[in-house]
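Visitor: I would like to know the grounds for the labels used on this model. Please take them one at a time.

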Amino acid sequence: MEIADRRVASFHYTLTDDAGQVIDSSSGRDPLSYLHGAGNIVAGLEKALAGKQAGDKLKVDVAPEEGYGVRHDGLVQQVPREAFQGIDNVQPGMQFQAQTGNGPLLVTVTEVGEGTITVDGNHPLAGKTLHFDVEITEVREATEDEQQHGHTHGAGGEHA
């Protein structure tokens, strides 16, 4: 069975950056399962997996535009330290949910200064080419519930 819309695909993967450093991997874990066509994984990887079958192995390079997007300098801002009231020890790498005119935005602290804290609203992988090494382990029809909910429900489509 081929990967297509309204089917669930499961795969093992290793994700690396341009330098070959591992960013994420399913090694030692269960394969990642997703509902194809529902936008549950980055668009470039989903496109590359279409038509593949269990047992297929492939390498996929995903450009930022089809991954986590390009970086937007406007999403990097210096915020007054007072905006972090109640948090005594703000450190780089901490993440917070900020309220913006467009709704909530996850921001990451990148620098802590005397009176200001620099936050970045870009996804940590924005602007990066993603390199996937993939092995497809299973392809099955999605259950009616999975199709209605837009995501997988576990082994055999059972809702966990």
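Guide: Two strands count as paired if DSSP finds at least two bridges between them. The model itself is predicted.

Visitor: How do you know that E5 and strand E8 pair?

Guide: Strand E8 covers residues 116-120, and five bridges link E5 to E8 in the antiparallel sense. The rule asks for at least two bridges, so the two strands count as a pair. Within E8, valine 119 is the residue opposite glutamine 77.

Visitor: What makes E5 and strand E6 edge strands?

Guide: The open sheet has four strands in the order E5-E8-E7-E6, with antiparallel pairing. E5 and E6 (95-100) each have a single partner strand, so one side of each is left without a neighbour in the sheet. From one strand to the next, the twist averages 45 degrees.

Visitor: How do you know that strand E1 and strand E2 pair?

Guide: E1 (residues 7-16) and E2 (residues 22-25) run antiparallel and are joined by three bridges. At least two are needed, so E1 and E2 pair. Threonine 16 stands opposite valine 22 of E2. Five residues lie between the strands of this hairpin, and glycine 20 has a positive phi near 85 degrees.

Visitor: Why is histidine 72 called partly exposed?

Guide: Its relative accessible area is 45%. Buried means under 20% and exposed means over 50%, so histidine 72 falls in between. Histidine 72 sits in the loop between strand E4 (57-62) and strand E5 (76-80).

Visitor: Which residues lie nearest the centre of the largest pocket?

Guide: Gln77, Val79, Ala98, Val107 and Val119 do, out of 14 lining residues. The volume of this pocket is about 250 Å³. E6 gives the largest share of the lining, four residues. By class, the lining has nine nonpolar, five polar and no charged residues.

Visitor: What makes the lining of the second largest pocket count as 11 nonpolar, no polar and one charged?

Guide: The lining consists of Phe11, Tyr13, Leu15, Ile23, Asp24, Leu32, Ile41, Val42, Leu45, Tyr68, Leu125 and Phe132. Asp is classed as charged, whereas Phe, Tyr, Leu, Ile and Val are classed as nonpolar. The lining therefore divides into 11 nonpolar, no polar and one charged. The space in this pocket is about 180 Å³. E1 supplies the largest share of its lining, three residues.

Terms used. Residues are numbered from 1 along each chain as its sequence is written. This is a predicted model: local features need pLDDT of at least 70, side-chain atom pairs count only at pLDDT 80 or more; totals for chains, interfaces and linings use all residues. Side-chain values use heavy atoms; hydrogens and water are left out. Buried means under 20% relative accessible area, exposed over 50%, partly exposed in between (1.4 Å probe, protein chains only). Axes are lines fitted to C-alpha atoms, for helices over the stretch in contact, and angles run from 0 to 180 degrees between N-to-C directions. On a 1 Å grid over the protein atoms alone, a cavity is a set of points where a 1.4 Å probe fits but cannot get out, and a pocket is an open set with protein on both sides within 12 Å along at least five of seven lines; lining residues have an atom within 4 Å of a point. Grid points are joined across faces, edges and corners, and a volume is the space filled by probe spheres set on the points.
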